[in-house]
Amino acid sequence: MEFHGTTICAVRRDNGDIAIGGDGQVTMGKSAIMKNGAKKVKKIYNGTVLSGFAGSVADAFSLTEKFEKKLDEHGGNLKRAAVSLAQLWRSDKGMRNLEALMIVADKDELLVVSGNGEVIAPDEPYIAIGSGGNYAYAAASALYNNTDLSAEDVVMKSLKIAASICVYTNDHISIEKL
């Protein structure tokens, strides 16, 4: 049985306010909740980078560790580290089978790093991934564009909306912000 993490949402406001959050549910297979309070977001690189993952938990931990090493190699340059990780992910036989997505952010960039070796800078200053990602993204879009809520509040409300719709997302939410 595989263990999966679920929904991550990140938002950046024009004032430099940025937050990333994730729900706490870990699902085994397609039918059993194994944990409700997992933390899937964290600050890395001396508290200057936010990261969050969705997908296979073990794979995501491996990717986060490798990403931290790439940040060290590239002096904290988020985009260069993300591209380097994506290249490694595509070229390394062992990593090609990793099933996870990551959102990474710093004061300048918001990126999604995928298992296909892609680094995606979203068109909007918000993004969501995982099984409840589409729900959280739609909520973040509505909240971002129609309220003056902080990045943290948009993330929290978006994840709660996703949790009310997606069976693989719960409302035990962790948020980190810069």
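Predicted model: local features only at pLDDT ≥ 70, side-chain atom pairs only at ≥ 80, totals over all residues.
**Stop 1: R12**

Select R12, which lies in strand β2, residues 8-12. R12 is buried but has no salt bridge. The nearest side chain of opposite charge belongs to D106, at 4.7 Å; that pair does not qualify because a salt bridge needs the nitrogen and the carboxyl oxygen within 4 Å.

**Stop 2: the nonpolar cores**

Next select F67, L71, L78, M102, V104 and V113. These have the most contacts inside the largest nonpolar core, a set of 18 residues. Colour by element to see where the core comes from: β7 (49-56), α1 (57-73), α2 (78-91), β8 (100-105) and β9 (110-113) each contribute at least two residues. Helix α2 gives the largest share, six residues.

Centre on L71. Apart from residues up to four places away in sequence, L71 touches I44, Y45, V49, G76, N77, L78 and A81. Then move to the second core, which is separate and has 16 residues, among them V154, L159, A162 and I175.

**Stop 3: D148**

Select D148, in the loop between α3 (133-146) and α4 (151-165). Is D148 buried or exposed? D148 is exposed, because its relative accessible area is 81%. For a distance check, pick the C-alpha atoms of D148 and A105: the two residues are 43 apart along the chain, and the atoms are separated by 21 Å.

**Stop 4**

The structure holds two aromatic pairs. Select Y126 and Y137 for one of them: the rings are tilted, with 5.3 Å between centres and 50 degrees between planes. Y126 sits in strand β11 (residues 126-129) and Y137 in helix α3, 11 residues apart. Y126 counts as buried because its relative accessibility is 2%, while Y137, at 31%, counts as partly exposed.

Y144 is in helix α3, 18 residues from Y126 in strand β11, and counts as buried at 11% relative accessibility. Finally, select Y126, Y137 and Y144 together: they form one aromatic cluster.

Terms used: Residues numbered from 1 in each chain as written. Heavy atoms only, no water. Helix = DSSP H or I, 4+ residues; strand = E, 2+ residues; numbered from the N terminus. Buried < 20%, exposed > 50% of the residue type's maximum accessible area, 1.4 Å probe, protein only. Lys, Arg positive; Asp, Glu negative; His and termini not counted. Core = buried A, V, L, I, M, F, W, Y, C linked by side-chain atoms within 4.5 Å. Contact = heavy atoms within 4.5 Å. Phe/Tyr/Trp six-rings, centres within 6.5 Å; stacked < 30°, edge-to-face > 60°.
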